[in-house]
Amino acid sequence: MVALFVALTFIIFLVIDFFVLRSQKKVHPAFMPNSVFDKSSIYFPGKYLLSKGHIWLQALKNDTYKLGLDEFVVRAMNNIVINTIAEEGTKIKKGDVLFSGTAGGHPVAFYAPVGGTVSQINTNILNKNIEDIYNEDWGVILQVESQAKIQEIAFEAVKAKAWMQSEFKRLKDFLTIQTAEPELAGLTMADGGNIAEGAVSMLSDKVVAAFENDFLKQ
Amino acid sequence: MSTQKGLLFDSTMCVGCGECYRACKTTNKLPETNSDPLKDHLSCSTYTVIEDHQGKYTRKLCMHCAEPTCASVCPVGALTKTSEGPVVYDENKCIGCRYCMQACPHSIPRYEWTSNNPRVRKCIMCHERVKAGMQTACAEACPAGATIFGNLDELKAEALKRIKESPSTYYPHVYGMKEGGGTNVLVLASTPFDQLGFVTNLPDEALPNFTKRALEKIPTVVSAGTVFLGGMYWLTKRKNEIAKENAQAKERKN
Amino acid sequence: MKAAFLRLTFWKVIAVAIITFGLYSTFLRFTQGLASVTNLSDSFPWGMWIGFDILCGVCLAAGGFLICAITHIFNIEEFKPLTRSAILTAFLGYVMVVFALLFDLGRPLNIWHALIMWNPHSVMFEVAWCVMLYSSVLFLEFSPVILERFQLTRLLKIVKRVSLPIMILGVLLSTLHQSSLGSLFLIVPAKMHPLWYSPLLPVYFYLSAIGTGFGMIIFESYLSARSFNKGLEMPLLSRIGLFAAIFVAAVFVIRFSDLALTGKLHYLLIPCQETYMFALEIVIGMIIPFAILIQKRNRQSRKWLYFGSVSLIVGALLNRLNVSITALNGFSKANYFPSVNEIAITMMLVVIGMIAFKYAVQYLPVFAEEEHTEVLDTNVVVENE
Ligand code: SF4
Ligand code: SF4
């Protein structure tokens, strides 16, 4: 009985605390969306380039680049799982599908920012969540058709960061359009500042498709 | 020949007069707690009582175990087994953790709960008297010869003899021969002992062995643990260093 | 600052009420003896102070030695951000345990006797020494934080140099006393309910302390996130959740094999209070947390990870109190239930510990090592605390 009493007291205190926080209009950390996607914390590594389809590029040799998904999409969608990668050795054009898979179970595809030949693919990323965004979890190594094109389609790191901030605003607007009240759906935070991590893939196939259209195609 | 003294209580001879109860109170200068010794219970002011189990009388008191659990658990050694047999208590050492009360298989020790500097209280087999060569107050007072004092070996032989001589009177077991490693207080009865309120599910092994087995492992745990932890530290550290070196080497190549 | 301090909040009022009543009970305890405040009796000499304050307290403070072992002995450095707060909690936990002991001991002024009057056959003696040494070790482990705060670089260097032996000593001492708290009950084979009594009690106590300690590290992080507006180290915490699940499973397997091998399983079929409490302990403390934490998806969810840690803790509370109280109730027939004063003193100690933690965090760089924490939205949690 004593054991039961102590255990219940503990639980009751937790429950009371939950309601106390609620009455103060605060959220217990356990009930916050899994992570908060705030614009100040977006990271982009120094020597990388970023294309408008949210694919990063890292120069290896003159015309070979390593490509992968940037933090913005990974955090906006969360739980991205790649099932297919463009085949090794094939030639692809700008705008061809580079990776496809799912985000929170909804189908999604990512597009090549530039044309070229796929010289190597990273099969390690298949069928698991993308985690180590800028290192281990790269997608393909691409021999680009023309070096000059790269300058046109990609930002350097400093600009890339600023651009991602603007994308962040665009994402908020996007969510507001998709769901009349994103706050209530738990997609954005009460103060209107931040977005719940993975907000995009919390919604439907349709929203993910719209996101693909608005953010991933360029 | 061991110098251990003991008590033999033959419940078939006890008439429930309460003389041992009163003698104990007087000798140990304990305050009166009940005018009827048969209605009292052990407390910090009562070291022994007579219990009435449907007309069969039995005494309850510290059994003065051969390997006393209470003494083995006491962190500061406030309880000790004397060479004369009694298990005695030193209130100046005691810190009051009450592990002795928790651990005693016969649930004997009592506590002065209302005192601000409480002591553990229990029968001490009139240690002072025994040391002086006298018998315990209770044995001296018993008019029926139900409680007798003597050398433990002799008492054991006497108990066995009684059972042998009149098997119809006695339940064929001397309580205290082997219970929890044996006790210095032996009891004879006409019925199974659980009917008289004795604890009968005790192992024959002395209880202190149960914790001794765990405590014995400590040196092994400590030395194996140190080697394991030290080794782990060295291994993992080395692994991290190698990983770091590799990473640096890779970077240089790039 | 001052205004914030004076402002009344729900929990402040409760804390003041608990401490006031606790102090009143303390006064009674030390002026009129144990009988005036506790429901302890000759047939039930160990109550809630031993069962909760000491057994549960020590078990829940296991997070400190676990995190030290992970970061300093197994050199898994990612976990460093969790170290300081875990050590601090453990240290405060042990200080509270010692205070509780002063309440519980009949002759608290003699507590130092354990230092000079040795009885190495006594488990209690061993526990006393380990707890005492380990509290000092915890203090040393935490001391860099204090030294950093006051910029005592020389001392800091010395402490850092001896840090490895200290860490190893801490892990060893914890191993010893966590298990020995279980050994305390080895001596009462005839008094304890067979579902709990086992020669393996020290092993159960040790392994379950590890499982619970991991749960506690998670739970503490949520508490800190709740009160100090800091982020949750989710990736680290989910890994800790996995460790907890593994240990819980280990205890479950060993306990049930033991019950089966010693032919005690049939006790589970006897409908009585002990059986129900045993079942509750197993379900809440082992099955539920294992089911939650073994799944990666749950471990990555803030909500489920939290529920997992809460059920680990509730399970530990049930287990320790079952061993120390429920399992002995049948034999003693005392039907012990703590008095209001016993509860008040216990709660007072917990509250004081939490307040101490709060101030330590405010004035010392406890969360300083955490460069990697996610930046949480400041407006959601804090401000009007
Ligand atoms: S009966 Fe109890 S108090 Fe008496 S010696 Fe044995 S263990 Fe100690
Ligand atoms: S209460 Fe006193 S005599 Fe009993 S075990 Fe504790 S210190 Fe020893």
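Colleague: Let's start in chain A: which residue is the bridge partner of Tyr65(A) in strand 10?

Modeller: Keep in mind as we go that this is a predicted model. Strand 4 (residues 64-69) of chain A pairs with strand 10 (residues 140-144) of chain A in the antiparallel sense, over 4 bridges. Within strand 10 of chain A, the bridge partner of Tyr65(A) is Leu142(A).

Colleague: Thanks! Which strands stand at the edges of that sheet in chain A?

Modeller: The open sheet of chain A has 7 strands in the order 6-9-10-4-3-2-11, with antiparallel pairing. Each edge strand has a single partner strand, so one side of each is left without a neighbour in the sheet. The edge strands of chain A are strand 6 (91-92) and strand 11 (154-156).

Colleague: Staying with chain A, which residue forms a salt bridge with Glu71(A)?

Modeller: Glu71(A) is buried, because its relative accessibility is 8%, under the 20% limit. The closest N and O atoms are 2.7 Å apart, and the partner is Arg75(A).

Colleague: And is Arg75(A) buried or exposed?

Modeller: Arg75(A) has a relative accessible area of 13%. Buried means under 20%, so Arg75(A) counts as buried.

Colleague: Now for chain B: is Lys39(B) buried or exposed?

Modeller: Lys39(B) forms a salt bridge with Asp36(B), and their closest N and O atoms are 3.3 Å apart. Asp36(B) is partly exposed, with a relative accessible area of 25%. Lys39(B) has 60% relative accessibility, and because this is over 50%, it counts as exposed.

Colleague: How many residues apart are Glu140(B) and Arg129(B), whose side chains meet in a salt bridge?

Modeller: The salt bridge between Glu140(B) and Arg129(B) is 3.1 Å from N to O. It links distant parts of the chain: Glu140(B) lies in helix 5 (residues 137-141) of chain B and Arg129(B) in helix 4 (residues 127-131) of chain B. Arg129(B) is buried at 15% relative accessibility.

Colleague: Which pair of chains has the most contacts?

Modeller: Chains A and B are joined by no contact, and their closest C-alpha atoms lie 8 Å apart. That leaves 2 pairs of chains that touch, and the most contacts are between chains B and C.

Colleague: Which residues of chain C does Gln102(B) touch?

Modeller: Gln102(B) sits in helix 3 (residues 99-103) of chain B. Its relative accessibility is 7%, so it counts as buried. Leaving out residues up to four places away in sequence, Gln102(B) touches Pro45(C), Trp46(C), Phe185(C), Val188(C), Lys191(C) and Leu328(C).

Colleague: Moving into chain C, what separates the C-alpha atoms of Ala327(C) and His193(C)?

Modeller: Ala327(C) is in helix 15 (residues 302-332) of chain C and is buried at 2% relative accessibility. Residues it touches include Lys191(C), Met192(C) and His193(C). Although Ala327(C) and His193(C) are 134 residues apart along the chain, their C-alpha atoms are separated by 4.8 Å.

Colleague: Finally, where in chain C is the pLDDT below 50?

Modeller: Chain C averages a pLDDT of 86, and 92% of its residues score at least 70. Where pLDDT is low, the predicted coordinates should not be read in detail. Beyond near neighbours in sequence, one such stretch has 4 contacts in the model and another has 49. The pLDDT is below 50 over residues 1-5 of chain C and over residues 369-385 of chain C.

Conventions. Residues numbered from 1 in each chain as written. Chains lettered and ligands numbered in written order. Predicted model: local features only at pLDDT ≥ 70, side-chain atom pairs only at ≥ 80, totals over all residues. Heavy atoms only, no water. Helix = DSSP H or I, 4+ residues; strand = E, 2+ residues; numbered from the N terminus. Buried < 20%, exposed > 50% of the residue type's maximum accessible area, 1.4 Å probe, protein only. Contact = heavy atoms within 4.5 Å. pLDDT = per-residue confidence, 0-100. Pairing = 2+ DSSP bridges. Salt bridge = Lys/Arg side-chain N within 4 Å of Asp/Glu carboxyl O.
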